[in-house]
Amino acid sequence: MRSGMANFSKSNVPQFAVDVYQNEYLPEGGREVNAIVTVTATGGGTVGSAVAAPHLYSPGQGPSAAVALLVDCSGSMDYPPTKMRNARDATAAAIDTLRDGVHFTVVAGTHVAKEVYPGDGQLAVADQTTRERAKQALRRLSAGGGTAIGTWLRLADRLLSTADVAIRHAILLTDGRNEHESPEGLGAALDSCAGRFTCDARGVGTDWEVKEVTGIASALLGTADIVADPAGLAGDFTRMMETAMGKEVADVALRLWTPVGTTVRFVKQVAPTVEELTGRRTEAGPRAGDYPLGSWGDESRDYHVCVEVPAAGLGQEMLAARASLVIPEPDGSVQNLGAQGLVRAVWTDDMAASTSIDPQVAHYTGQAELAQAIQQGLDLRKAGDIDGATAKLGRAVQLAGSSGNADTAKLLSKVVDVVDAAAGTVRLKAKVEEADEMTLETRSTKTVRVKK
Amino acid sequence: MSQMPQQAPVSKCPSCEEPLEPGDRFCGACGYDLSVVPAPPEDSPTVVMNGAAPGPGPARDEVDWPTARDSDGQGRPAPVHAAAELPGTDSGGSPLPSQEPSAPEEPAREPGRESAQEHSSGVRLDRPAEPDEYPLQAPAPRSSPEPAAAAPAAGAGGKVCVACRAGRVDRDGYCENCGHAQPRERDHMEQESGPVAAVSDRGLRHHRNEDAFSVGCTALPDGAPATVAIVCDGVSSATRPDDASLAASRAAGESLLGALPRGTHPQQAMHDAILAASHAVNALAAEPATAREQAPHQNAPACTLVGAVVTAGLLVVGWVGDSRVYWVPADRATPPARLTEDDSWAAQMVAAGLMSEAEAYADERAHAITGWLGADAYELEPHTASFKPDRPGVVVVCTDGLWNYAESAQEMAEATPLDAAVRPLHSARVLVGHALDGGGHDNVTVALLPFPAPPQGAGSA
């Protein structure tokens, strides 16, 4: 169905680089190796990429893409009525951001999914006429019915797969809980869609479930956020569509080779957000596995790789992991993106060398703990464990402050009163706006990068 | 000012050997800055080792040395010394550490008494038998084959891994099965050149060998043999120490092997060789760091250097840093000697009279080196000295990876095989083995030069 090589000929593929930050020195008997792998894509759509990767590039053609806009039209969208109106305006703004030639569709989601434009199981190709017709069709959007997000995603998958394109993406808006479908039903839909298209998910208002929306974005390698005020939807939709239009290559995977006897403890994205990838490994030949990284434009992301190697004698050196970037093809072959990084282990009796922690590893270990402390703190708070919640959110305040994560610190300060940020001493606020708590939970995984 | 070329006429470019015109400030062929060519150093008087004071003329006269200067370059007569009152100075004019070379011949001393005397005088680097800066237990045996048994592994693609013997080696030099780094060419190096041999080993605790050496033999203008050895130890706290030691040892070796056949006095040649090595290391600082090097080192590449030139009647040593030369006579009844003085913090403190030996060596800065080759060096002070041993023996040129395990001259002599002069390669392996048996905490490099230099072609196989 998909032909990767053919797609490449139509797309501007950026040049990828892999950088490894680690302290490779281990003490005698040491086994755990930590590294931050920074993946950077540059030069997509520019003359530079034509020079760097001429075999992947045909001048004069942007990356081919197909986008599905999935708009919640459940009955609750009419309460207040501004919600439906703002959703319509936001979808129109997203349509205006579509580049000419991009395939697109608009789907109305309730307990079932309905094609709003163009219909008949087709995708429209964006131009002035189709954009105008799509916006006209939005007038027919009306609220009524339940919520079964899995059905929306399955329809999006069917429609997006009708086009032979490089990038497949969906933008999903919901205002309520997924009440007309079992969690298993949604899970099955996510499983069947994972790797077939990427999806940004947005919750509007405060009646939706944070873990449902973040779960959709995680599974489909997109972003999640809250739009507490429906008036902010249009701006957010425009930004999301701009980002989607900037994607140049899809289905990139981090291929991790490890030597015999080595265990991969975890692989997680740590910037721009914390995203666990450990369980999403696909075996790729002897001692190698692929971790999905989704679609890429010109951007940079950081990954924390932790492996456990067999101990070796002092003075020994080994390759603990080799990180490379590939695009797996359906026929089992891969497109190698040509960048790799080496994670090494060197055993030394120099205590100063083996006990120091790489600044990048230390920073992102703290950022991951920050995200976890917020989630646990908010869960404990909901469960009524005030002491536990206070301790966890206090730790979060401490970590956010010391790592310079100002955005998260600001969100935390709306949920707790900070007595001593450095010591992590906080009091839970007696009254917390629901939107503030949901914003903190949704954005808890956002990280800041360490200054290099 | 005293180093301007018009004061120190040079007939050939020290870099490319292009003939020069008087007054040239730069070489017309290679652009070498001739202003850095130093005036000939104030040669230290030649000292007779372990024997009677020399007569007015050289004891052996096979070599037609260039005529000695009769003035010090500033119009004053060159100073005259009796060998007995001047045991030897380096090219910076500093006294040499060891009094043994000039000691009048005397009956062999009892070992115990001799040891006590050694402890009572001069600068020494006494260390506890178990150095306290290495708190870890002895290492596990290395998984790579024993150096003496193995030819250096090429580490190229397609080779079978030496660690697991199951995987093949990838192009980054790691096993595709077990991930282990393969022995690199420099992990263990051996070379024999005529009667001279050197062995260098990574040791048991360091992941790479930052030592390097060069050895060679040549002939003086009259056809008499001369042998050369240079040993360098990369400074680990600087970037690319392995590149520094390799560049320095090569440059110094090439400089000596070029200068000696042209009739340059060996001590002058050694001085020039150290400067050539210094230029080579300084040049590295301008190069971009290799991609492999991700450590946050900021210092320019640096290394120590020690070298020796042996002819039929003369032994010249030169050094910067804390690598050393020892003299081990074939007749072990006569005392051995250390011929170099470390450029180390402790040695300087003692020499300046600021601390007692005990105080200086108890300080944690004791072994910090105060002289090295590299762009970060404050002021290069090449030390050279020449000796005229009156009996056969072997010259041991080594890094601290060896002398840490045989610090005193007596200990070094005991570790050196009796037949070292005739089996230098075997004996160098034995000395490296001595260091590895002691713990191999550092890279180990040793070169052995028999004295006197045997006639060409007479070297052992």
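Six strands of chain A form an open sheet with mixed pairing, in the order E2-E18-E17-E11-E15-E14. Strand E2 (25-26) and strand E14 (282-283) of chain A stand at its edges. Each has a single partner strand, so one side of each has no neighbour in the sheet. The model is predicted.

Look inside this sheet next. Strand E11 (residues 249-257) of chain A pairs with strand E15 (residues 288-296) of chain A. The pairing is antiparallel and runs over seven bridges. One bridge joins Arg255(A) to Asp290(A) in E15(A). In general, strands of a sheet pair through backbone hydrogen bonds, either parallel or antiparallel.

**The two chains**

Chain A has 452 residues, and 52% of them count as buried. Its secondary structure comes to 13 helices and 20 strands. Take the contacts in chain A between residues at least 6 apart in sequence: 75% of them join residues at least 24 apart.

Chain B has 461 residues, of which 49% are buried. It has eight helices and 14 strands. For chain B, 67% of the contacts between residues at least 6 apart in sequence join residues at least 24 apart.

The chains also touch each other. The contact takes 17 residues from chain A and 19 residues from chain B. On the chain B side, these residues divide into nine nonpolar, six polar and four charged.

**A helix pair in chain A**

Helix H3 (residues 81-96) of chain A packs with helix H8 (residues 233-245) of chain A. Their axes lie 8 Å apart, at an angle of about 30°. Angles under 35 degrees count as roughly parallel. H3(A) and H8(A) are therefore roughly parallel to each other. Their crossing is right-handed.

Which residues of H3(A) and H8(A) make the contact? From H3(A) come Asn86(A), Ala87(A), Asp89(A), Ala90(A), Thr91(A), Ala93(A) and Ala94(A). From H8(A) come Leu233(A), Ala234(A), Phe237(A), Thr238(A) and Met241(A). By class, the contact of H3(A) with H8(A) has eight nonpolar, three polar and one charged residues.

**A buried strand in chain B**

Now turn to strand E5 (residues 225-233) of chain B. Is E5(B) enclosed or open? Nine of its nine residues are buried, so E5(B) is largely enclosed by the rest of the structure.

In a regular strand the side chains alternate between the two faces of the sheet. Both faces of E5(B) are covered. On one side, Pro225(B), Thr227(B), Ala229(B), Val231(B) and Asp233(B) are buried. On the other, Ala226(B), Val228(B), Ile230(B) and Cys232(B) are buried.

E5(B) pairs with strand E4 (residues 211-219) of chain B in the antiparallel sense. Here there are nine bridges. Ala212(B) stands opposite Cys232(B) in E5(B). E4(B) and E5(B) form a hairpin, with five residues between them. In the turn, Gly223(B) has a positive phi of about 90°.

E5(B) also pairs with strand E7 (residues 305-310) of chain B, again in the antiparallel sense. This pairing has five bridges. Ile230(B) has Gly307(B) in E7(B) as its bridge partner.

| Strand pair | Sense | Bridges |
|---|---|---|
| E11(A) and E15(A) | antiparallel | seven bridges |
| E4(B) and E5(B) | antiparallel | nine bridges |
| E5(B) and E7(B) | antiparallel | five bridges |

Methods
Residues are numbered from 1 along each chain as its sequence is written. Chains are lettered from A and ligands numbered from 1 in the order in which they are written. This is a predicted model: local features need pLDDT of at least 70, side-chain atom pairs count only at pLDDT 80 or more; totals for chains, interfaces and linings use all residues. Axes are lines fitted to C-alpha atoms, for helices over the stretch in contact, and angles run from 0 to 180 degrees between N-to-C directions. Helices (H or I, at least four residues) and strands (E, at least two) are DSSP runs, numbered from the N terminus. Angles under 35 degrees count as roughly parallel, over 145 as roughly antiparallel, 65 to 115 as roughly perpendicular and the rest as oblique. A crossing is left-handed if the near helix is turned anticlockwise from the far one by less than a right angle, and right-handed if clockwise. Two residues are in contact if their C-beta atoms, placed from the backbone, lie within 7 Å. Ala, Val, Leu, Ile, Met, Phe, Trp, Tyr, Cys and Pro count as nonpolar, Asp, Glu, Lys and Arg as charged, and the others, Gly among them, as polar. Two strands pair if DSSP finds at least two bridges between them. A residue is buried if 20 or more other C-beta atoms lie within 10 Å of its own, exposed if 12 or fewer, and partly exposed in between; C-beta atoms are placed from the backbone.
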